[in-house]
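Let's walk through this protein together, from its overall make-up down to single side chains. Have the model open beside you as you read.

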Amino acid sequence: MFAALKKRLMKNMRQLAICFEEKMIRFIEVTLNQERIVEIHQAFSLENKLMNEAGHVDKESWKRFLKETVKPYKIKAKQVHVVIPTSNVIVRQHVMPNLPEKELKQMIHYEIGSTIHLPFELPVIDIAKVKTTEAVYKDDGQEGCKVVLVAAPGQMIYPIVEGLVDVGFEVKSVDIPATSLYRLFKTNYPERKEEPMIIAEIMNHGVDLHIFDRGILWFTRHIQMDFTEEPSLIEGTINAKALLERIQFQEYYQSFVLDLANEMERAMNFFQYTLNNRDQAINSCWIVSKHKLNENFYLYLQNRLEIEVNPLIYQPKSTKVMSEDLSGYDKGIGTLCREVTNRGN
């Protein structure tokens, strides 16, 4: 009996996710059992004054922030996952020699700055080979493979990771919003994980758009778009001022959805035609937002795009997290939805 209990406890792991946004830094501390969140201990957000105009973070300022501002929250997790903003991420497609991924990564590192140009120094990269039914050929006529390259600036990532290590954390991963939200989607809808889809995160001053197909990220982009929440009625009554606000908001709401739909159509057309995925039509759109979007929002967008439009909301497997308000913590939850293989407390 004690051996079974010990084995069960060893599977539980307390972990922290830190999500950097342009204006906020969001923290969520949980206990995981394998890839399921069994308890949420705390979720809090702090103003992000650490990033400069280039999106870089000074390590010493970050360490002071952790010691002085975050310390009062008494975080017990020692292992942490970091999510960086979409505006710092580049996704590109290349045709390369048909080699194992490890060798392709080495080749890409060698060619950065010569044949592969990125808009930042010290890039941190990851790649995915795309399985195709038809042969892929390089410019020289030799058979190759299609590769999706994801890159982010080391000038941002290294100070964050080093600062966390210096104050006693163990950094398990550095993630991007697109893959974090895709993990959340897979957790909710595992039977649909191979479908081509677009995921949109709506924030106060921007929208992130991500396109996946067969689990591979093809497109990710941050678009500056201001969003205003619906004005509440004064004491539940419809007076002249409140009615005017509602009318103005309705016009603004429809205008925002129209602009959002136009951006989504551009992204989907880029995926389907520019990237030569004509047989992979996107039929579903998933919306993430800390704002309470009403039914009209989804109806307007669905009618405009003529595809399925649904909210992407974390569906907890444990009653311990049912009462938590997790709006805005979707990326943190998503990045934690991964297999736990190491021992923790």
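The accessible surface of the protein is about 18400 Å², and 49% of that area belongs to carbon and sulfur atoms (areas come from the Shrake-Rupley method with a 1.4 Å probe, and for residues only the protein chains shown count as cover). What you are looking at is a predicted model, in which local features need pLDDT of at least 70 and side-chain atom pairs count only at pLDDT 80 or more, while totals for chains, interfaces and linings use all residues. Residues are numbered from 1 along each chain as its sequence is written, and side-chain values use heavy atoms, with hydrogens and water left out.

Of the 345 residues, 46% count as buried (under 20% relative accessible area, with exposed being over 50% and partly exposed in between, using a 1.4 Å probe and protein chains only). The secondary structure comes to eight helices and 14 strands; these are DSSP runs numbered from the N terminus, with at least four residues of H or I for a helix and at least two of E for a strand. Among contacts with a separation of 6 or more, 67% are between residues 24 or more positions apart (a contact means heavy atoms within 4.5 Å).

Now find the open sheet of five strands, ordered S3-S2-S1-S4-S9 with mixed pairing. Two strands pair if DSSP finds at least two bridges between them. Strand S3 (36-47) and strand S9 (170-175) are the edges, each pairing on one side only. From one strand to the next, the twist averages 20 degrees (axes are lines fitted to C-alpha atoms, for helices over the stretch in contact, and angles run from 0 to 180 degrees between N-to-C directions). Within this sheet, S1 (residues 12-20) and S2 (residues 24-33) are antiparallel and share nine bridges, with Ile-18 partnered by Phe-27 in S2. Helix H2 (residues 59-70) packs on the sheet, where it touches S1, S2 and S3 and makes about 105 degrees with the direction of S3. Helix H4 (residues 154-166) lies across S1, S4 (79-83) and S9, at about 155 degrees to S9.

Next, turn to strand S8. Because 10 of its 11 residues (143-153) are buried, S8 is largely enclosed by the rest of the structure. Strand S5 (residues 90-97) runs antiparallel to S8 and is joined to S8 by eight bridges; here Arg-92 stands opposite Leu-149. Strand S6 (residues 123-130) also pairs with S8 in the antiparallel sense, over eight bridges, and Ala-128 has Val-148 as its bridge partner. S7 and S8 form a hairpin with five residues between them, and Gly-141 in the turn has a positive phi of about 90 degrees.

Tyr-182 and Phe-212 form a stacked pair, 4.5 Å centre to centre with 15 degrees between the planes. Since Tyr-182 lies in helix H5 and Phe-212 in strand S11 (residues 207-213), the pair ties together parts that are 30 residues apart in sequence. Both Tyr-182 and Phe-212 are buried.

Phe-212 also touches Pro-196, a residue in the loop between H5 (177-188) and S10 (197-202). Pro-196 counts as buried because its relative accessibility is 16%.

Conventions
Rings of Phe, Tyr and Trp (its six-membered ring) pair if their centres lie within 6.5 Å; planes under 30 degrees apart count as stacked, over 60 as edge-to-face and the rest as tilted. Lists of a residue's contacts leave out its neighbours within four places in sequence.
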